[in-house]
Amino acid sequence: PPEALNSAGARGQDNHWVGYSVNHPEGRKLYRRMWDWGTKEVLRHGATPLFYELFNEPAYDDPSPYNRQLFVDRLRRRYDTIEKLNQVWRSKYADFEAAGNFKRRGECPGLLVDWCQFMEDSFVDVCREGVKVIREIDTRPEAEICVQVMGGDEYRVLPRNNVNLYKLSQLFNCTSTPTGGGIEGFGGGLCGAPEHSIDAPRSGPIEGMLQRHYLRSISDRKPIHDGE
């Protein structure tokens with residue numbers, strides 16, 4: 001049904017291969033069906049998967065009416081009054097509905113942070129359900145589940161794709177490096193640690209030494225692999 005589709009489309013600046021709403025019940029149903037069928041089909045053929053990949057290079061931003069209402073409800077729980085929200089955001093919204101009816105998520109810095117965190121948490125939640133679906137079918141303790149993230153510097157800034165690597169690391173028993181594996185141009189200025197972390201040399205336009213340390217840290221001794 002139309003309401004199950006990502007309202008901003010599956011491909012674009014802020015969306016990448018997340019074609020359905022991760023919050024709407026009909027969208028959730030579609031993801032569950034894919035993971036359920038895919039897991040059963042793999043095992044039916046006698047395969048032993050190296051890992052299950054819930055999403056490949058996802059980015060999710062879906063300002064649908066359904067999501068906006070959930071966002072308004074979340075703002076009410078977090079700030080209690082519109083006066084408190086405006087104080088924190090340094091904004092002048094008349095009420096919570098006005099904040100949720102934004103024209104651009106970047107029209108206010110506070111809005112951008114809260115909306116991106118809402119999208120992040122929504123994506124983490126659908127991945128949590130994916131883990132549950134697969135674990136009920138493939139009960140092997142060593143069955144690994146992951147999300148292959150896009151390349152980029154999301155470990156330094158607000159994720160442009162609303163896919164939070166740290167939050168996802170709490171769900172999975174393995175860690176995927178971003179596309180490219182963080183090894184582009186190996187040897188190019190990567191022979192020693194910088195005096196300050198922010199000066200970490202970058203091996204290419206989007207990967208760097210600091211990212212590799214970050215991935216090792218959030219992995220907490222879990223296997224790290226490059227799905228791409």
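These legends walk through several close-up views of one predicted protein model.

Residues are numbered from 1 along each chain as its sequence is written, and side-chain values use heavy atoms, with hydrogens and water left out. Since the model is predicted, local features need pLDDT of at least 70 and side-chain atom pairs count only at pLDDT 80 or more, while totals for chains, interfaces and linings use all residues.

**View 1. The whole chain, before zooming in.** The protein has 7 helices and 4 strands; these are DSSP runs numbered from the N terminus, with helices being H or I of at least four residues and strands being E of at least two. Of the 228 residues, 45% are buried. Here, buried is under 20% relative accessible area, exposed is over 50%, and partly exposed is in between (1.4 Å probe, protein chains only). Contact is used for heavy atoms within 4.5 Å. Take the contacts between residues at least 6 apart in sequence: 69% of them join residues at least 24 apart.

**View 2. Helix α2 meets helix α5.** Two packed helices are described by the angle between their axes and the distance between the axes. For α2 (residues 65–79) and α5 (residues 109–137), the angle is about 115° and the axes are 11 Å apart. That makes α2 roughly perpendicular to α5. In these terms, under 35 degrees is roughly parallel, over 145 roughly antiparallel, 65 to 115 roughly perpendicular, and the rest oblique. The axes are lines fitted to C-alpha atoms, for helices over the stretch in contact, and the angles run from 0 to 180 degrees between N-to-C directions. On the α2 side, look for Asn67, Leu70, Phe71, Arg74, Leu75, Arg78 and Tyr79; they meet Leu111, Asp114, Trp115, Gln117, Phe118, Met119 and Asp121 in α5. The residues of this contact split into 8 nonpolar, 2 polar and 4 charged. For that count, Ala, Val, Leu, Ile, Met, Phe, Trp, Tyr, Cys and Pro are nonpolar, Asp, Glu, Lys and Arg are charged, and the others, Gly among them, are polar.

**View 3. Asparagine 67, a closer look at α2.** Asparagine 67 sits in helix α2 and is buried, with a relative accessible area of 0%. Leave out its neighbours within four places in sequence, and asparagine 67 still contacts Ser21, Asn23, Tyr60, Asp62, Trp115, Phe118 and Met119.

**View 4. Helix α1 alongside helix α5.** Helix α1 (residues 25–44) packs on α5 at an angle of about 35°, with the axes 9 Å apart. This crossing is right-handed. From α1, Arg28, Tyr31, Arg32, Trp35, Asp36, Thr39, Lys40 and Leu43 meet Ser122, Asp125, Val126, Glu129, Gly130, Val133, Ile134 and Ile137 in α5. Sorted by type, the residues of the α1 contact with α5 are 7 nonpolar, 3 polar and 6 charged.

**View 5. Inside the largest nonpolar core.** This core has 41 residues, and those with the most contacts inside it are Leu54, Phe55, Trp89, Phe123, Cys127 and Val147. Helix α5 gives the most to the core, with 11 residues. A nonpolar core is a set of buried Ala, Val, Leu, Ile, Met, Phe, Trp, Tyr and Cys residues joined through side-chain atoms within 4.5 Å. Not counting residues up to four places away in sequence, phenylalanine 123 touches Val18, Val22, Phe55, Pro58, Tyr60, Val147, Asn162, Val163 and Leu168. Tryptophan 89, in helix α3, is buried at a relative accessible area of 5%. Its C-alpha atom is 7.0 Å from that of proline 109, 20 residues apart along the chain.

**View 6. Two loop residues with positive phi.** Most residues other than glycine have a negative phi. Glutamate 57 has a positive phi of about 45°, and its place is the loop between β1 (52–56) and α2. Aspartate 80 has a positive phi too, about 70°, and lies in the loop between α2 and α3 (82–89). Which is buried and which is exposed? Glutamate 57 is buried, with a relative accessible area of 14%, whereas aspartate 80 is exposed at 63%.

Key:
A crossing is left-handed if the near helix is turned anticlockwise from the far one by less than a right angle, and right-handed if clockwise.
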